[in-house]
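Please look over the sequence and the model below. The report that follows goes through cores, helices, strands and rings.

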Amino acid sequence: MTDSLHLPTPESFPAFPFQPYDIQLELMKSLYTALEDRKIGKSLSLLCGAMTWLRDNKQRAIRGELEDLKLSIQSDDAEPGWVSRQMLDKHKRELEQAEADLEERLQAARLREEKIRQQERGRLRKRMKVADEEPDHSENDNAFLPDGDASDEEDNISPAVRDDDTEPEEPTCTKIYYASRTHTQLSQFLGELRKTHYQSNARTVPLGSRKNLCINDDVKKGKYGADIDEACRALASEKDGKRCTYLPPPDEEAKMMDMRDHILSSPKDIEDLEGLGRQTATCPYYGTRRAIKQAEVISPKDAHERESGTRDRFDRSSYTILAVHTVPVSSTILRVSKTQVDLYRSKFRNRLKTKHVVHLTRLSVLLAALQKFTEAWANGNEDANENAKSDLSSGKKRPPQEEMFGVAEFIRMLGAHAENINPLEIEKESKIISGYSDKLADAAAASGTIRSPNRLANARRKGVTPPLHAIESLLLALANPDEDGRIFLNKTGSPGAETVQLKYQLLNPSTHFREVVEKARSVVLAGGTMSPVIAIGDFHTQLFSYLPSDRLVVYSCGHVVPKSNIRTIVLGKGPRGKTLEFKFGARGDEELIVELGQTVLNLTNLVPNGFVVFLPSYAFLSLVKTAWGKGENKILERLSKKKKIFYEPQENGDVESVLREFSATASSPTEGLTGAILFAVVGAKLSEGLNFSDGLARAVAIVGLPFANLGSAELQARMKYVREHASSSGVDAGKECMRATNQSIGRAIRHRGDWAAIVFIDQRYGTPRIRSKLPGWIGTDLEVTDKFGEAMKNLGEFFRSKK
């Protein structure tokens with residue numbers, strides 16, 4: 001790149017909607033430099049820094065194209081000067097006109113959207129009462145036959161989608177892919193974008209799954225089978241009246257182009273896209289895919305999107321979603337999946353092509369082998385199968401509750417029949433079987449005939465992952481290189497009613513991440529709890545070991561909140577003088593649990609509004625609830641007289657309602673109460689991606705240190721792998737623990753004007769080893785005390801100063 005085309009780092013970023021703090025400005029400048037220099041490295045700062053570079057890069061591309069044309073013309077001595085200048089001016093006008101034409105299209109789409117909204121506000125919507133139709137369980141079963149004409153490479157892409165590949169070539173552009181592990185953070189990103197002037201000209205596309213974007217109510221209700229992906233593909237491949245009514249046929253290309261322009265005209269979330277699709281009667285799922293080429297910012301909303309074939313079509317070099325852990329497969333899932341496969345094979349045997357019959361037979365054999373092996377393992381029988389006896393009787397002492405295997409070793413133990421099966425071949429067959437199995441279950445439920453074990457095995461619950469989806473995930477994992485991962489078996493449940501869980505753990509993410517690094521211009525890893533827990537050496541050795549160290553740039557900063565707004569205290573002793581140290585072996589100490597209850601009671605008397613208490617595990621939370629609910633102390637009863645009590649739910653579906661009620665109570669306490677208290681778990685659903693700002697958390701307490709079980713086979717495997725393949729000392733359990741702790745701490749302080757107390761209820765937080773792993777903005781002013789009364793006095797002064 002010539003010096004004239006190099007982009008210097010700007011000193012200011014006008015797109016930032018407020019006066020930036022110094023650390024925000026430095027972050028934007030650091031990000032801009034990293035993008036420009038092709039280096040590998042919070043929401044608003046990241047966004048403004050990246051978008052400023054993207055706009056400058058666009059202008060740089062125009063200048064570069066004109067410069068190349070100028071050099072080409074100058075090399076032709078036959079052209080007079082005035083002709084050369086005219087050619088340059090003409091080409092410049094063409095480039096500017098192309099951009100103007102695109103903006104004109106998007107502005108027209110904005111005007112159409114506004115007109116639609118005005119029409120909807122100006123009229124009353126008529127609600128039609130439609131009686132619920134009984135599902136037709138006698139539909140043509142051909143819908144559940146695999147597409148025998150599709151090649152292996154195209155099995156995931158319907159003919160309609162492949163027909164779309166004949167569309168006219170559209171211009172593309174440099175893109176920013178903004179991905180996160182949580183939906184909350186992606187929603188925050190869109191909200192931050194709308195605060196900037198880029199909201200009117202940043203071409204943004206959120207990518208969601210068919211499940212989240214489908215607007216065909218018949219498909220969503222399961223009329224064409226429970227698998228929405230398969231139902232969508234089937235309807236997209238139909239002709240004439242059988243085609244999905246929301247997917248325009250190829251001869252109505254203009255309608256899909258209009259949908260593309262609507263999506264690009266202004267930043268939209270998944271919910272906005274669903275509403276837009278219903279307004280325009282056009283599929284938002286395929287609309288977003290059509291908009292990708294001209295999009296500047298893409299935010300994948302579904303981290304476990306299963307449609308790899310679709311991803312391949314849409315610039316997989318940039319859009320790579322990593323699903324590094326499989327869904328755990330229980331012995332129950334294996335049994336139900338085997339039943340479903342056998343029922344499907346029996347029903348369609350004479351209508352399937354030979355290759356599909358072979359694949360289904362192999363899938364059934366593999367499931368039978370898995371089922372037999374897990375049952376034998378659970379019973380302590382070393383003869384899991386006749387071919388595995390020598391492996392299982394090698395003298396290795398098996399842990400009573402869990403065991404680890406290499407992938408190749410595990411497949412070999414399943415026996416010769418299973419060992420010769422290619423998991424990738426049979427994985428595709430599992431998809432369509434789920435839809436047929438769900439149809440049988442629905443039909444049986446409707447007729448009240450769920451009596452036989454087979455029918456019972458196929459009964460399903462809404463919102464539950466179909467058993468064969470978990471099997472599919474496991475099969476894909478078994479195709480990974482042997483050295484990259486391990487298979488773990490463990491027993492769960494009470495004695496006498498135990499089940500076996502089988503799970504794959506990826507040990508080497510760098511091979512999967514490498515594709516992103518090699519294809520993207522820059523990769524930026526951003527997080528609020530990376531420092532001081534994660535050193536640059538950890539990234540280099542575990543994720544980017546194939547890169548020279550000068551390719552990585554690190555930027556770290558402090559907190560914008562003034563020190564006067566934070567009070568951090570370590571409680572080494574409780575109100576009765578008992579030492580507070582919640583080591584794993586001491587968590588059953590009833591006196592210690594009561595001392596913890598008294599400590600929380602005293603804190604509750606001081607903390608206004610919301611109070612969030614993080615415990616090390618769900619098991620410890622359950623123990624605490626039981627202990628505090630009995631005995632003469634009546635801790636829960638006394639707590640409830642001060643604040644309304646909430647607990648983090650273990651089911652994802654209950655999280656939103658709990659948070660909503662907690663927020664309402666904490667912000668506006670009912671008469672006689674000072675707010676609400678929420679007991680949550682470190683590293684669980686509420687410890688990252690959520691904001692307990694202002695009155696939602698005027699104090700956060702961390703009880704104990706959430707160390708992972710050092711005896712766990714999974715952790716041992718990770719530690720061994722890193723020691724053998726990296727120059728660092730390996731996985732540090734202390735780092736893993738403190739990273740989760742720091743995530744929980746960060747839920748409270750969310751902006752410069754926010755204030756809160758952070759209380760560590762365990763004397764170990766005061767030790768130099770643990771203290772060094774706390775964020776710098778906490779560690780420097782951490783107050784460590786063994787005198788409970790003194791700590792309460794200091795906390796009381798802090799809260800009174802904020803009234």
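Which residues does F611 touch, not counting residues up to four places away in sequence? F611 touches V600, L603, T604, K643, F662, A676, I677, L678, L696, A699, V700 and A701. Contact here means heavy atoms within 4.5 Å.

## Basis of the model

This is a predicted model: local features need pLDDT of at least 70, side-chain atom pairs count only at pLDDT 80 or more, and totals for chains, interfaces and linings use all residues. Residues are numbered from 1 along each chain as its sequence is written, and side-chain values use heavy atoms, with hydrogens and water left out.

## Nonpolar cores

The largest nonpolar core has 40 residues. A nonpolar core is a set of buried Ala, Val, Leu, Ile, Met, Phe, Trp, Tyr and Cys residues joined through side-chain atoms within 4.5 Å. Buried means under 20% relative accessible area, exposed over 50%, and partly exposed in between (1.4 Å probe, protein chains only). F611 is among the residues with the most contacts inside this core, as are L571, L596, W628, L639, F679 and I761. Helix α24 (residues 590-606) gives the most to the core: seven residues.

A second, separate core has 37 residues. Its members include L363, I411, M413 and L506.

## Two helices

Helices (H or I, at least four residues) and strands (E, at least two) are DSSP runs, numbered from the N terminus. In α24, twelve of the 17 residues are buried. Among them are L596, V600, L603 and T604. The expected span of a helix is 1.5 Å times one less than its number of residues.

Helix α9 (residues 253-265) has 13 residues and should span 18 Å. Its end C-alpha atoms are 19 Å apart, which agrees. Buried residues of α9 include M256, M259, I263 and L264. The charged residues R260 and D261 are buried too.

## Strand pairing

Three strands form an open sheet in the order β1-β3-β2, with parallel pairing. Two strands pair if DSSP finds at least two bridges between them. The edge strands are β1 (176-177) and β2 (204-207), and each pairs on one side only. Two bridges join β1 to β3 (residues 297-300). I176 stands opposite V297 in β3.

Strand β7 (residues 499-506) has antiparallel pairings. Two bridges join it to β4 (residues 329-330), in the antiparallel sense. There, V329 has L502 as its bridge partner. Strand β6 (residues 485-492) pairs with β7 over eight bridges, also antiparallel. There, K491 has V500 as its bridge partner.

## Aromatic rings and charges

The whole structure holds 14 aromatic pairs. Rings of Phe, Tyr and Trp (its six-membered ring) pair if their centres lie within 6.5 Å; planes under 30 degrees apart count as stacked, over 60 as edge-to-face and the rest as tilted. F405 and F410 form a tilted pair, 6.1 Å centre to centre, with 45° between the planes. F405 is buried at 0% relative accessible area, and F410 is buried at 0% as well.

W755 and F798 have ring centres 6.1 Å apart and planes at 75°, so the pair is edge-to-face. W755 lies in the loop between α29 (733-745) and β13 (756-761), and F798 in helix α32 (residues 788-801), so the pair ties together parts 43 residues apart in sequence. Both W755 and F798 are buried.

A charge sits over a ring if NZ of Lys or CZ of Arg is within 6 Å of the ring centre and within 35 degrees of the ring normal. R514 lies over the face of Y546, at 4.1 Å from the ring centre. The charged end of K625 sits over the ring of Y647, 4.2 Å from its centre.
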